[in-house]
Amino acid sequence: MNIIEIKDLKKIYNDSEVAVHAVNGVDLSFKQGEFAAIVGPSGSGKTTLLNLIGGLDVPSEGSIRIDGVNIGELSSRKLINFRLNNIGFVFQSYNLIPVLTAYENVEFIMSLQGYDKDKRHSRTVELLKSVGLGDRLNSRPNKLSGGEQQRVAVARALASKPKFILADEPTANLDSKSTSNLLDIMEKLNREENITFIFSTHDQRVVNKARRVIQVEDGKVISDEAIQSP
Amino acid sequence: MEIIKIAWRNLWRNKRRTLITSSSVFFAIFLALLMRAFQLGSYDLMVVNIVHAYSGYFQVHATGYWDDKIINNTFEYTPEIITRINEIPEITSYAPRLESFALGSYGTQTKGVMVNGVIPAEEDKLTGLHKKMVEGEYLTSDDDGALISQKLSQYLKIGIGDTLVLIGQGYHGVSAAGVYPVRGIVHFPSPELDGRMIFLSLPASQALFSAENMLTSLAFNLDDTKNYKRVAQHLKQELDPELYEVMTWEEMMPDVVQQIQSDNASGLIMLAILYMIVGFGIFGTTLMMFSERIREFGMMIAIGMQKFKLIRIVVTELFFIGLLGVVAGIVAAIPLLYYFFLNPIPLTGELAEASINMGFEPIMPVAWEPSYFIAQAMTVCIILLVVMLLPVVKISRLTPINALRR
């Protein structure tokens with residue numbers, strides 16, 4: 001069963017004199033447990049597509065259904081709640097809350113969901129251990145390396161037990177060792193816990209790990225390939 | 001709890017800015033408190049001086065007396081009125097008076113004087129007349145002598161034991177004349193009063209003006225001075241308005257009230273300017289903080305934080321900034337103001353002379369009451385509430401995608 005269904009999705013920007021079709025009639029679907037990469041050159045529309053799937057941006061036309069819910073029909077307030085409970089985000093520039101420690105950043109999501117302190121504590125520790133940061137619980141983001149911050153971001157994205165995680169160029173600011181480390185963690189989570197990851201990237205290392213590669217150009221999907229695991 | 005924690009930590013992300021903004025609130029509160037304390041203290045002193053120099057907090061007259069102060073506009077000092085007064089527990093003391101004008105003469109010198117028939121002990125309680133004695137003895141209740149103000153005694157060239165002649169018009173046109181040995185000399189700070197005051201015992205004054213058992217006024221003093229208007233109103237309801245008028249010192253001396261009000265208004269304008277500067281300072285800080293953190297706000301909304309919770313964080317931060325400044329300002333001002341409350345600054349030189357000439361003590365007192373502390377704190381709260389509208393509106397309109405693109 002598909003957890004995401006995208007039908008004839010369009011995003012047109014009319015900010016300049018010429019209308020820009022950032023996403024131009026995309027039809028896609030994603031199943032539970034996919035490890036998919038949306039690739040394409042800069043300006044191809046992959047980040048816009050990811051933002052639309054995540055409900056961060058509003059489509060000009062078309063629909064996105066997540067678990068049967070048309071997110072375009074949700075009010076702003078409901079959409080925020082929907083994102084909280086269904087979608088995990090990993091951003092290119094980590095975007096952790098700078099005044100909170102690694103532990104608090106991960107726990108924060110669960111406190112927004114209203115989980116009790118004991119449950120939050122055990123899951124936060126477990127998640128941070130799973131991304132290899134069991135010894136950096138009390139470090140604030142400015143004391144962590146880029147790779148460590150991105151791993152905290154992954155743990156935070158997982159904290160709410162989302163249906164899928166959207167990662168917008170998650171390795172763009174990382175060195176090769178951190179990239180490899182992060183990808184191994186995400187792949188492990190995908191394989192062992194069946195967590196769905198959708199990346200936008202032009203990093204070949206990410207593409208090499210993906211089991212589905214969606215090529216986007218000029219706002220259109222030009223290829224959608226399933227890759228067999230080695 | 002999470003919101004408070006985040007807000008508190010956010011404050012210290014940019015320590016210098018937080019401290020500068022809180023300091024601006026601190027200085028505003030501190031200066032405003034000093035300014036208001038001295039300003040209100042000077043008004044209180046003015047009122048106390050006026051009330052205790054002459055008027056009391058309120059007076060009872062025969063209806064129409066205040067507009068036409070003649071000896072015929074008197075009222076009878078009956079047991080009934082005494083009973084009505086005694087039924088009001090807040091009234092701690094009152095001074096019956098029969099006042100009129102006469103010519104005072106000694107030897108070849110003559111001058112128009114104000115004759116005050118008083119019960120010496122009651123008058124002393126209200127106005128501290130005994131303390132104003134500079135020479136001689138104070139009057140007794142049925143004394144047949146007189147107290148004379150110092151400047152007047154110098155003009156008439158009259159001393160203790162000399163006989164003062166008073167000539168005037170008595171009740172219903174009867175001629176009034178009497179001779180009174182000078183028992184004592186009193187000094188009034190106000191040269192105007194010092195140049196014209198004569199005090200007789202009430203019976204002597206009533207005999208002079210042929211107004212037996214009549215009074216021109218009853219002046220009232222209270223322990224709880226804040227409630228004088230309510231007590232005056234109470235007494236007004238007890239007395240027949242056809243026969244009696246009850247007037248507060250403010251009604252009797254509107255010029256003083258006007259003087260206080262205009263001075264107060266200019267003080268408030270100064271404060272408004274001070275607070276406007278502080279308000280713009282906080283506004284600038286908020287604007288800067290918002291611009292710097294807009295991406296972070298976008299991220300928080302993106303990952304599932306409701307906007308109202310985000311607003312609560314920012315509002316709490318502003319509240320903390322204000323609270324730090326307000327608490328520090330009040331804590332710094334309290335010992336200073338309390339010291340000056342106990343030890344008013346003495347005026348010297350021309351300022352002291354001017355105060356004395358107006359009949360006031362030559363000091364700069366401070367008011368010591370919670371009301372102006374609360375007022376200043378409330379003013380800062382209102383400024384903060386207005387400034388808080390900025391993040392409230394901006395966050396309400398924020399879309400995560402636009403914020404994350406910054």
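Let me start with a pair of helices in chain A: H4(A) and H5(A) cross in a right-handed sense. This is a predicted model, so please hear everything that follows as computed from that prediction.

H4(A) covers residues 117–130 and H5(A) covers residues 146–159. Their axes are 9 Å apart, and the packing angle is about 140°. An angle over 145 would count as roughly antiparallel, and H4(A) and H5(A) are therefore oblique to each other. On the H4(A) side the contact uses Arg123(A), Thr124(A), Leu127(A) and Leu128(A). On the H5(A) side it uses Ala155(A), Leu158(A) and Ala159(A). By class, that contact has 5 nonpolar residues, 1 polar and 1 charged.

Gly88(A) sits in strand E6 of chain A, residues 87–90. Is Gly88(A) buried or exposed? There are 28 other C-beta atoms within 10 Å, so Gly88(A) is buried. Setting aside neighbours within four places in sequence, its contacts are Ala157(A), Leu158(A), Ser160(A), Pro162(A) and Ile165(A). Lys161(A) is 73 residues away from Gly88(A) along the chain, yet their C-alpha atoms are separated by 8.0 Å.

One more stop in chain A. Asn194(A) is in the loop that runs between helix H6, 176–193, and strand E8, 196–201. Its phi is near 60°, which is positive, and the residue is not a glycine. Asn194(A) is exposed, with 10 other C-beta atoms within 10 Å.

The loop holding His172(B) lies between strand E7, 163–169, and strand E8, 175–186, of chain B. His172(B) counts as exposed, because there are 11 C-beta neighbours inside 10 Å.

Staying in chain B, helix H2 takes in residues 15–55, which is 41 residues. From its first C-alpha to its last, H2(B) reaches 56 Å, close to the 60 Å expected at 1.5 Å a residue. Just after H2(B) comes Gly56(B), with a positive phi of about 75°.

Then there is Glu76(B), in strand E2 of chain B, residues 75–76. Glu76(B) is partly exposed, with 13 other C-beta atoms within 10 Å. Beyond its neighbours within four places in sequence, Glu76(B) is in contact with Asn213(B) and Met214(B). Gln261(B) lies 185 residues from Glu76(B) along the chain, and the two C-alpha atoms are 36 Å apart.

Two packed helices are described by the angle between their axes and the distance between the axes.

Take H10(B) first. H10(B) is residues 254–302, H13(B) is residues 370–397, and their axes come within 10 Å and cross at roughly 30°. H10(B) and H13(B) are therefore roughly parallel to each other, and the crossing is right-handed. Among the contact residues from H10(B) are Tyr275(B), Ile282(B), Phe283(B), Phe290(B) and Phe297(B). H13(B) contributes residues including Thr379(B), Ile383(B), Leu384(B), Val387(B) and Lys394(B). The classes here are 13 nonpolar, 3 polar and 1 charged.

How do H11(B) and H13(B) run relative to each other, roughly parallel or roughly antiparallel? H11(B) is residues 307–342, and its axis comes within 9 Å of that of H13(B), crossing at roughly 155°. H11(B) and H13(B) are therefore roughly antiparallel. This crossing is right-handed. From H11(B), the residues that meet H13(B) include Lys307(B), Leu310(B), Val314(B), Phe319(B) and Gly322(B). From H13(B), they include Phe373(B), Cys381(B), Leu384(B), Val387(B) and Met388(B). That contact has 18 nonpolar, 2 polar and 1 charged residues. Leu384(B) and Val387(B) of H13(B) take part in the contact with H10(B) and in the contact with H11(B).

Last, the place where the chains touch. Chain A puts 19 residues into the contact and chain B puts in 14. On the chain B side, helix H1 (2–11), H10 and helix H14 (400–405) each supply at least two residues. H1(B) gives the most, with 4 residues. The chain B side divides into 8 nonpolar, 3 polar and 3 charged residues.

Methods:
Residues are numbered from 1 along each chain as its sequence is written. Chains are lettered from A and ligands numbered from 1 in the order in which they are written. This is a predicted model: local features need pLDDT of at least 70, side-chain atom pairs count only at pLDDT 80 or more; totals for chains, interfaces and linings use all residues. Axes are lines fitted to C-alpha atoms, for helices over the stretch in contact, and angles run from 0 to 180 degrees between N-to-C directions. Angles under 35 degrees count as roughly parallel, over 145 as roughly antiparallel, 65 to 115 as roughly perpendicular and the rest as oblique. A crossing is left-handed if the near helix is turned anticlockwise from the far one by less than a right angle, and right-handed if clockwise. Two residues are in contact if their C-beta atoms, placed from the backbone, lie within 7 Å. Ala, Val, Leu, Ile, Met, Phe, Trp, Tyr, Cys and Pro count as nonpolar, Asp, Glu, Lys and Arg as charged, and the others, Gly among them, as polar. The expected span of a helix is 1.5 Å times one less than its number of residues. A residue is buried if 20 or more other C-beta atoms lie within 10 Å of its own, exposed if 12 or fewer, and partly exposed in between; C-beta atoms are placed from the backbone.
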